[in-house]
Amino acid sequence: MVERNVDVAELVARARAGEARAVGRLISLVESDSPVLRTVAAALVPHVGRAQVVGLTGPPGVGKSTSTSALVAALRAQHLRVGVLAVDPSSPFSGGALLGDRVRMQEHATDSGVFIRSMASRGHLGGLSAAVPQALRVLDAAGCDAVIIETVGVGQAEFEIASLADTTVLLLAPGLGDGIQAAKAGILEIADVLVVNKADRDGADQLARDLRHMQSLGGHSVEENAVAAAWRVPIRKTIATTGEGVAEVVAAISDHYAWLQGSAELATRRQRRAAVEIEAIALGHVRARLARVHDSAALAAAAADVVAGRTDPYSAADTILQAG
Ligand SMILES: Nc1nc2c(ncn2[C@@H]2O[C@H](COP(=O)(O)OP(=O)(O)OP(=O)(O)O)[C@@H](O)[C@H]2O)c(=O)[nH]1
Ligand SMILES: [Mg+2]
């Protein structure tokens, strides 16, 4: 395989110098189970931990991509280097940005301080839960001050992706997956910053009021209250298409980061993220082992032993896992 010949050290050095092609190449390597995956992961270790990871999620059409673009513009105005990972857990397509997003992100396409990448479920053995953190590491090592992970929808996969972030921004909009529904789905609890986008539309103020009301009702578990007591989830209104209110969202995101750094929560969240990642990688290895075992003589023999009553299926499974 050609990829075995990749000079990883050189690629990492070029990425750290901000070369977009090298960054893109490294992300391709980590998302495709390349044979040099381990080398890349190890080479990134000394260069990560600096970037604030911001998860941006919300129902389809709420304005995530438009908001991401507006956030990028606001962060660039502060001369920060920004990475964007657009993650679609339901799509098999990866690599280039999706067409609509590409149009929306066009104003940043030629900005050397912005790296944009879309990722999908295909490829990595450990799935997105393993591939996304690796891509984050690449962007972190490339000197990004902030990395925005934009995920579509509010399903389980999005929860998982949101759990990778230091700060999770939940976007809602009037008429679209209203606040009450969001609360029922439990997604309000993942939000560190709540944004009511499409504030130019009827119902935005009402939605913001509903959200505030729900907040006042609490609904957090005791455990979460310890955190909630220190960080009050702000609600901000935006018109992403004009950029109105976006500066306030950037301020809330940066306040949250300061709060994370000032408490033990940043370390806690990053450890949780690493644990999810390790589990995903381990699970990927187990799956790969099982795939190798599937047609093997060892499995056939174990199955024969179970049928003949020489062993039980649990012991046989242990044996197979050790052999695989
Ligand atoms: N009126 C109004 N329209 C907006 C606003 N923000 C985004 N839109 C429009 O809403 C539509 C969807 O915006 P996107 O940014 O693509 O939304 P998204 O959440 O990324 O959509 P998916 O990726 O398909 O889930 C587009 O037509 C935007 O122009 C806003 O603040 N006000
Ligand atoms: Mg989008």
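This is a predicted model: local features need pLDDT of at least 70, side-chain atom pairs count only at pLDDT 80 or more; totals for chains, interfaces and linings use all residues.
Arg272 belongs to helix H12, which spans residues 265–294. Ser163 is 109 residues away from Arg272 in sequence, yet the C-alpha atoms of Arg272 and Ser163 are 8.1 Å apart in space.

Glu277 also has its place in helix H12. With a relative accessible area of 4%, Glu277 is buried, because the class requires a value under 20%.

## Overall architecture and confidence

The protein chain has 324 residues, of which 44% count as buried. Its secondary structure comprises 14 helices and seven strands. Of the contacts between residues at least 6 apart in sequence, 77% join residues at least 24 apart.

The mean pLDDT of the protein chain is 83, and 81% of the residues reach 70 or more. Among the elements, strand E7 has the highest mean pLDDT, 97, whereas helix H5 (residues 99–104) has the lowest, 49. Over residues 94–100 the pLDDT stays under 50, and the model has 13 contacts beyond four places in sequence for these residues.

## Nonpolar cores

The largest nonpolar core contains 35 residues, and within this core Leu85 and Val132 touch the most other members. At least two residues of this core come from each of helix H1 (8–16), helix H2 (20–31), helix H3 (37–44), strand E2 (82–88), strand E3 (114–120), helix H6 (128–141) and strand E4 (146–151). Helix H6 provides the largest share, eight residues. Another core, of 22 residues, lies apart from this one; Ala70, Leu75, Ile148 and Ile253 are among its members.

Beyond four places in sequence, the residues touched by Leu85 are Arg117, Met119, Val132, Ala135, Leu136, Leu139, Ile148, Ile149 and Glu150.

## The aromatic pair

A search of the whole structure finds one aromatic pair. The pair consists of Trp231 and Trp259, with ring centres 5.9 Å apart and planes at 35°, a tilted arrangement. Trp231 lies in the loop between helix H10 (222–230) and strand E7 (235–237), and Trp259 lies in helix H11 (residues 246–262), so that the pair links distant parts of the chain, 28 residues apart. Both Trp231 and Trp259 are buried.

## Residues with positive phi

His79 has a phi near 60°, a positive value in a residue other than glycine. The location of His79 is the loop between helix H4 (64–77) and strand E2. His79 counts as exposed because its relative accessibility is 70%, and the exposed class begins over 50%.

Lys198 likewise has a positive phi, near 60°, and is a residue other than glycine. Lys198 lies in the loop between strand E6 (193–196) and helix H9 (204–217). Its relative accessibility is 18%, so Lys198 counts as buried, the value being under 20%.

How values were computed: Residues are numbered from 1 along each chain as its sequence is written. Chains are lettered from A and ligands numbered from 1 in the order in which they are written. Side-chain values use heavy atoms; hydrogens and water are left out. A nonpolar core is a set of buried Ala, Val, Leu, Ile, Met, Phe, Trp, Tyr and Cys residues joined through side-chain atoms within 4.5 Å. Buried means under 20% relative accessible area, exposed over 50%, partly exposed in between (1.4 Å probe, protein chains only). Helices (H or I, at least four residues) and strands (E, at least two) are DSSP runs, numbered from the N terminus. Contact means heavy atoms within 4.5 Å. Rings of Phe, Tyr and Trp (its six-membered ring) pair if their centres lie within 6.5 Å; planes under 30 degrees apart count as stacked, over 60 as edge-to-face and the rest as tilted. pLDDT is the predictor's confidence in each residue, from 0 to 100.
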